[in-house]
Amino acid sequence: MTALRLVLGDQLSHSISSLRDCHLNTDVILMCEVWNEATYVKHHKKVRGNY
């Protein structure tokens with residue numbers, strides 16, 4: 001059976017519990033980032049321009 005796994009940007013780690021029993025051949029992983037969290041600081045020096 002396919003399962004949808006939700007991973008938020010502030011939850012990324014090697015020990016995330018939602019991926020512990022993930023089946024790579026059947027499960028779908030949805031990674032999301034809240035727009036305000038992704039844009040309040042420029043996180044990479046190659047990112048230029050306005051958000």
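pLDDT is the predictor's confidence in each residue, from 0 to 100. Helices (H or I, at least four residues) and strands (E, at least two) are DSSP runs, numbered from the N terminus.

I noted that this is a predicted model, where local features need pLDDT of at least 70, side-chain atom pairs count only at pLDDT 80 or more, and totals for chains, interfaces and linings use all residues. Residues are numbered from 1 along each chain as its sequence is written, and side-chain values use heavy atoms, with hydrogens and water left out.

Confidence. I looked up the average pLDDT of the protein and found 79, with 80% of the residues at 70 or above. Helix 1 (residues 35-39) has the lowest confidence, a mean of 75, and strand 2 (residues 28-32) the highest, 90.

Surface patch. I found a nonpolar patch made of Leu4, Leu6, Leu8, Val28 and Leu30, with about 440 Å² of accessible area together. Its residues have over 30% relative accessible area and no salt bridge, and nonpolar side chains (Val, Leu, Ile, Met, Phe, Trp, Tyr) are joined within 5 Å; a salt bridge is a side-chain nitrogen of Lys or Arg within 4 Å of a carboxyl oxygen of Asp or Glu. Areas come from the Shrake-Rupley method with a 1.4 Å probe. Strand 1 (4-8) gives the most to the patch, 3 residues.

Strand 1. I checked Leu4, which lies in this strand and counts as exposed (over 50%) because its relative accessibility is 61%. Arg5, also in strand 1, counts as buried (under 20%) at 13%. I found a polar contact (N or O atoms within 3.5 Å) of 2.9 Å between the side chains of Arg5 and Asp27.

Note on methods:
Patches are made of residues with over 30% relative accessible area and no salt bridge: like charges are joined within 9 Å, nonpolar side chains (Val, Leu, Ile, Met, Phe, Trp, Tyr) within 5 Å. Buried means under 20% relative accessible area, exposed over 50%, partly exposed in between (1.4 Å probe, protein chains only). A polar contact is a pair of N or O atoms within 3.5 Å; within protein, one must be able to donate a hydrogen and the other to accept it, and residues adjacent in sequence count only if both atoms are side-chain atoms.
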